[in-house]
Amino acid sequence: MQPLQQHQGIIATMNRANVDTDAIMPKQYLKSIRKYGYGDWLFDDWRYLDPGDVDIDTSQRRLNPEFELNQPAVAGASILLTQDNFGCGSSREHAVWGLRDFGFRVILSPGFADIFFNNCFNNGILAIVLPQDVINQLFALTEAQPGLPCIVDLQQQTLQCSSLEFSFEIEPARRERLLQGLDAIEVTLGKQEAINRFENHHRQQFPWLFEAL
Amino acid sequence: MKKTLFDKLWDSHCVERDTDGNALLYIDRHIVHEVTSAQAFEGLIATGRQPRRPESVLATVDHQVPTTKRTLGLSGFTDLIAREQVTTLAQNCERFGIRQFGLDDPRQGIVHVVGPEQGATLPGMTLVCGDSHTSTHGAFAAYAQGIGTSEVEHVLATQTLVQRKPKSLRVQIDGLLPLGITAKDMILHIIGVLGSSGANGYVIEYCGDAIRSLSMEERMTVCNMSIEAGARAGLIAFDDITERYLCERPFAPRGQLWQRALAYWKTLYSDDDAVFDHHVSIDASSIEPQVTWGTKPDQVAPISACVPDPEQQDDSVKRLDYRRAQEYMQLSPGIRLDEIAIDTVFIGSCTNGRLEDIQQVATLVKGRRIAKSIRQALVVPGSGVVKMEAEKQGLDKILIAAGFEWRDPGCSMCNAMNPDRLPMGARCASTSNRNFEGRQGVGGRTHLVSPAMAAAAALSGRLMDVRQLQAALE
Ligand code: SF4
């Protein structure tokens, strides 16, 4: 996983609440068995005027000029500012792979859906929960200046945007993992002994859970 | 100390806890399907890791499989990329020694139908699946949650998950459900009350006499949609109804082991006076048949209501959301819900693709014909076992005579990953769980309803109160 300590980038906005993972990565792209290469399909139904599929060349498709991320001012954006409950619905990690491959490293929202939130951190995306009034201020700033740059510092847990600075909080374990780009499985495998001990005890207590399927 | 059911499940699975509240949680059961597993297995192969307990994993194929011409097996796929995903799962299961109900297995079906049906879902366990509707299995007093693909790999490799303990929410539903009102109406109503993100960060326990009197299949319908309010999981305490359902299921314990398990399962309830972080009370007797009018499951109303006016909403984000939803659904404020014409009916999914659901539909449509304006009416059993049982009871014949198509098991038009899709602009009464934009096909419009309401819609060609139909039947 790519570590993230400090990140500087342009903010793209999506002023919508309850954006679901079906919208972020439509079903037809879940057929792919790859883990990379989802960026062109991000928000596919909203982003293009004509339908797409895994075997359709996206460069030949017409872009929807109204769609937020197609605005020239936010080209190359790597920070996404959104409304509440972002990433709700399906657990598909493909949604996060799409955001990552598109180039997003940070997502700012008043709230995220649980499974999506975990998926972000497992793929090196920093999902930051901010109070609604901070989100509103950021929307106001970006409306006044589309393509506004922003500096996110995970070490300090601060966000700097024009002359304003906001602080945020990330659970220490998640923060550490992202700062160092640690592989979660590797970390857990370091606890084999504790797992073995627990498993033996669990097996004695609940033997029926250990019958093979 | 007084414990909630969730406390009991959590405490019995904590391998360790750190000082900021993170726990390493032991996972007893893992259910796997074709769409969210390939990259996880690939990760294991790339790092040379092995699944820790392959015998605790159950796999089946459901999302991509065609629901016609099943006897053709893999040659029945028109979509070769989808087919590759299905064969990839089979290869991975073979390689790692995981039990799979493949395309040709009579037990194949939707993960959340198959697990409980086979007794692979048991009370007191922790269960995960790379699918958000894993909350279904909580009906068995199990802590069951959907996870992403990285976590699928993590559970395969370590048999654990790292997480913070979610908060607890008790949804208490007392009173009697009126005649004609189903578990689906109950959960849609609850989602309307809680909102799409109302239970984010919570595990819901459903309590009260209205829950106690539900069958296991109905309880699964309720727990299934917990995720539509954002909950990590849904739970219902163990009781005689759970016990009767589980007895003699293929993977349920037998003999002495059953007795021992049963003694433990009987402790799986929330203690009197256990403390919940949040509490919501609902009067079952006030619930009407529900139907969604928008593009989120919480955009729901009783069938007697009208499409709401976005301008009447206080919150500006919500106003925008309502406007967008109504534009997509091509509905204007003030339209009566029971005047909305539909052209497609879908009966199936992990929410309502079980035997009782199909029985309900068959009872209502027996000896009648679906409306001429219906372009397609699908009944897709949730599993091969459901299909076989329904056919034993002759339900397939009743449905086919009424004009429905009787299909092979799978997710089908619930999320339209297989060839069963709504065409652009079609409007569907669906027993599934998500009415998101494009969920059932690009440009398709979904109204979520109960199986009984879907049957009524099929017969009349519009959304209608099924109780009128039931009254006419008597
Ligand atoms: S039936 Fe629908 S909701 Fe259920 S697992 Fe399949 S696609 Fe997901």
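## Around F404(B)

Start with F404(B): leaving aside residues up to four places away in sequence, F404(B) touches V345(B), I347(B), V361(B), V365(B), I370(B), A377(B), L378(B), V379(B), L399(B) and A458(B). Contact here means heavy atoms within 4.5 Å.

A quick word on ground rules: this is a predicted model, where local features need pLDDT of at least 70 and side-chain atom pairs count only at pLDDT 80 or more, while totals for chains, interfaces and linings use all residues. Residues are numbered from 1 along each chain as its sequence is written, chains are lettered from A and ligands numbered from 1 in the order in which they are written, and side-chain values use heavy atoms, with hydrogens and water left out.

Buried means under 20% relative accessible area, exposed over 50%, and partly exposed in between (1.4 Å probe, protein chains only). Helices (H or I, at least four residues) and strands (E, at least two) are DSSP runs, numbered from the N terminus.

## An enclosed helix

Helix 8 of chain B (residues 216-224) is largely enclosed by the rest of the structure, because eight of its nine residues are buried. Among the buried ones are M216(B), E217(B), R219(B) and M220(B).

## Strand pairing

In chain B, three strands form an open sheet in the order 1-2-8, paired antiparallel. Strand 1 (14-17) and strand 8 (160-164) are the edges, each pairing on one side only. Strand 2 (residues 22-26) meets strand 8 over five bridges, and A23(B) stands opposite Q163(B). Two strands pair if DSSP finds at least two bridges between them.

Over in chain A, strand 3 (residues 106-109) and strand 4 (residues 126-129) pair in the parallel sense over four bridges. There, L108(A) has I128(A) as its bridge partner.

## Where the chains meet

The contact takes 81 residues from chain B and 65 residues from chain A. Together the chains bury about 5900 Å², 55% of it on carbon and sulfur atoms; buried area is the accessible area (1.4 Å probe) that two parts lose on being put together, summed over both. On the chain B side, Q39(B), R49(B) and R52(B) lose the most area to chain A, together 10% of what that side buries.
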